[in-house]
Amino acid sequence: MAGTAGKKGKVMIGVNSVTALNSWSLELGIDTLDTTAFGDEWKNFISGLKEWSASAEGAYNVHTDTNGQAALQTAFLNGTDVDLKLYVNNTNYYSGQAIISSLSIEDPVDDIVTISIEFQGNGALAYT
């Protein structure tokens, strides 16, 4: 079975790549609404509202990546949405508007400084 290597993935904010990141993840969810009635032998459900969230992490580069990591930090501090694109390869990506729900920087004495960013989808998610 063929797979897809993650080495061509990337994170973009609008038309700008976010540099120094080395992983991202995407979570999709849907509410399931219970429609079970008296006398039913099995539970019944219908689909409800959809949601999505994402995260990304990598080497800290806020001081030089003005259109990427610095723009994400500014959006977090200002509470503004970002136009997020999560590339699986050179041509396929997920995209949508997102709120940055968490931004974390870790500075260990024995390793590189890293950044982790959590996104909450704000509306629909598309796949191209």
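1. Strands E5 (residues 82-87) and E6 (residues 93-106) run antiparallel and are joined by six bridges. Pairing of two strands here requires at least two bridges found by DSSP between them. Helices (H or I, at least four residues) and strands (E, at least two) are DSSP runs, numbered from the N terminus. A hairpin of five residues leads from E5 to E6, and Tyr87 faces Tyr93 in E6.

2. On provenance, the model is predicted, with local features needing pLDDT of at least 70 and side-chain atom pairs counting only at pLDDT 80 or more, while totals for chains, interfaces and linings use all residues. Residues are numbered from 1 along each chain as its sequence is written, and side-chain values use heavy atoms, with hydrogens and water left out.

3. The chain contains one helix and eight strands, in the order β-β-β-β-α-β-β-β-β along the sequence. Its radius of gyration is 18 Å, well over the 14 Å that the globule rule gives for 128 residues, so the chain is more spread out than a compact globule. The radius is taken over C-alpha atoms, and the rule is 2.2 Å times the number of residues to the power 0.38. The C-alpha trace spans about 65 × 40 × 35 Å along the principal axes of the chain.

4. Of the 128 residues, 28% count as buried; the term means under 20% relative accessible area, with exposed over 50% and partly exposed in between (1.4 Å probe, protein chains only). Among contacts (heavy atoms within 4.5 Å) between residues at least 6 apart in sequence, 59% join residues at least 24 apart.

5. With strand E7 (residues 114-121), E6 runs antiparallel over eight bridges, and Glu106 has Thr114 of E7 as its bridge partner.

6. Beyond residues up to four places away in sequence, Ser95 touches Leu84, Lys85, Ala124, Leu125 and Ala126.

7. Strand E4 has two antiparallel pairings to record. Twelve bridges link E3 and E4, with Gly29 opposite Glu51 in E4. Seven bridges link E4 and E7, and there Gly58 has Ile115 of E7 as its bridge partner.

8. Which residues of helix H1 (residues 69-78) are buried? They are Gln69, Ala70, Leu72 and Ala75. These buried residues pack against E1, E3, strand E4 (45-59), E5, E6 and E7. After H1 comes Gly79, with a positive phi near 70°.

9. Most residues other than glycine have a negative phi. Ala20 is not a glycine, yet its phi is positive, about 70°. Ala20 sits in the loop between strand E2 (16-17) and E3, and its relative accessibility of 36% makes it partly exposed.

10. The largest pocket holds about 210 Å³ of space. Of its 14 lining residues, Gly6, Gly9, Lys10, Asn22 and Trp24 are the closest to its centre. Strand E1 (10-13) and strand E3 (21-34) are the elements that give two or more residues to the lining, and E3 supplies the largest share, four residues. On a 1 Å grid over the protein atoms alone, a pocket is an open set of points where a 1.4 Å probe fits, with protein on both sides within 12 Å along at least five of seven lines; lining residues have an atom within 4 Å of a point. Grid points are joined across faces, edges and corners, and the volume is the space filled by probe spheres set on the points.

11. By class, the lining of the largest pocket comprises seven nonpolar, five polar and two charged residues. Ala, Val, Leu, Ile, Met, Phe, Trp, Tyr, Cys and Pro count as nonpolar, Asp, Glu, Lys and Arg as charged, and the others, Gly among them, as polar.

12. Lys10 lies in strand E1 and, at a relative accessible area of 32%, is partly exposed. Apart from neighbours within four places in sequence, Lys10 contacts Ser17, Trp24, Lys85, Leu86 and Tyr87. Lys10 and Asn89 are 79 residues apart in sequence, with 7.7 Å between their C-alpha atoms.
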